[in-house]
Amino acid sequence: MIYLRLICAVCLLIGVNFTAFADYRIEPGDTLQIVVIGQADYSQTVKVRADGMISYVDGDLPVSGKTPEEVRLQILEHLRQQKQLLSPNIMVSPLPAEDEIFVGGAVNLPNRYPLQLQDEIGLDHAIAMAGGADAKADLTRVQIYRQDGTVEQYDRSLGADYEYILVRGGDLVRVLAQGVVDVQGQVNKPGRILIQDGIQIGDALARAGGPDNRADLSKLVIVRRGSEPIEVNRAEPFWRSAKESGGKYLLVDGDTLYVPPLGVVEVQGQVNVPGSRIAIRDRIRVADAISRAGGADDRADLSELVITRTDGERVEISIPDRFWEEPSDGETEHYLYDGDSLYVPNAYEVETIYVLGYVRNPGAYKIRDPITPAQAIAHAGGEEAEANLGDIEIIRKDGSVEKINLKEHKKQMQETKILLHPGDSMRVNKGFQINWGLVLNFLSVTTVTIGLIISN
């Protein structure tokens, strides 16, 4: 009868995720309860011998020093190799003797503890014997597994009504652990939060300080052990209850919630709020970006807009003066993406480029439209004789440097497609030059020296 009650108790424990002995290491002299659900012939109580072995189903298995979970997997493989059972559902737990108790779960020293001269102690005393509850302990859920197969649960947290609970020899005490959910990304206090059974995404965000001003709540990602990441988008509100959402938005122990950042584009030039950094999700229309930067001012030239992509590519576009309207048939829609910048030039003022190095008239030159390197050299009066057109540097407004070989392009009878924009600088470097005077002087000295040697 007691044996049947133990089987019923273990069946009950499956439903509550039995991990009381996860950290316990089995020793010689321990008694192990092995229960194979639905297979009474394979459910046994075995003693760990002095050599650390147990005898189970036509074999000896080494178990000393292993956790109950490791032994469970070992027995599972053993039954498969013996071709006894293919997919058995197995539970393994150590059983305390009549004069000892077992304290496990979220305590600092899970182990068996002898009762010595007494046959029962208080529940709080039992937890203290195991080093007390650890940092993850959920003291609102402390369980006792009695020898007769019953399971009791008590609240031992601060503020709970106190009740003296006896723990007797042969009982198992389990302090349930709180789960851990990791919240990372665009929240004000990224890190781990402790939970009990589960937590809604909205509550997890709140406990992480809330999303910051760059959070993209339309693309939250739940990373769950053993399954593909789940993306929660704005069409599936995270505040819906777990019942309404099928449990998909309920975070459980071990989950990670990632809050991705919104993209950012920058708008400069002739707008009412130049330097505006605009948060976006996937992309934004150029017209909408101008609107969110306060709109174009009365000096803006909307036919000469310049988009600088994150890879350095520059795209020149134009949009209608009534940029806030939907594009008409035949008009191209233009978009900005994360990291892009938009420059709106002045329609009435020319702007400056700098042409430096080995040109005849180095200095600043006013331009209205982007020009080619060859045109820039022409503005500066052409190159000097020492100039090396194969070694030209273009320094952009953002500090990036591009090297071009104008000589190679001229050989191929084509101009480079690289353009200089307002605010850019170009440097024409010096080529390798032979000092013929020095060479002739060296040859003269060498000739005289050789003549003197021969005459002697």
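**Terms and their grounds**

Guide: Gly357 stands opposite Val428 in S31. The model is predicted, so local features need pLDDT of at least 70 and side-chain atom pairs count only at pLDDT 80 or more, while totals for chains, interfaces and linings use all residues. Residues are numbered from 1 along each chain as its sequence is written, and side-chain values use heavy atoms, with hydrogens and water left out.

Visitor: What makes strand S27 and strand S31 a pair?

Guide: Two strands (DSSP runs of E, at least two residues) pair if DSSP finds at least two bridges between them. Strand S27 (residues 351-357) and strand S31 (residues 425-430) have four bridges, in the parallel sense, and therefore they count as paired.

Visitor: In which sense does strand S29 pair with S31?

Guide: Strand S29 (residues 387-395) pairs with S31 in the antiparallel sense, over five bridges. Glu393 stands opposite Arg427 in S31.

Visitor: Why is Gln33 called buried?

Guide: Buried means under 20% relative accessible area, exposed over 50%, and partly exposed in between (1.4 Å probe, protein chains only). Gln33 has 2%, so the residue is called buried. Gln33 belongs to strand S1 (residues 31-36).

Visitor: Why do strands S21 and S24 stand at the edges of their sheet?

Guide: That open sheet has five strands in the order S21-S20-S26-S23-S24, with mixed pairing. Strand S21 (276-280) and strand S24 (314-317) each have a single partner strand, so one side of each lacks a neighbour in the sheet.
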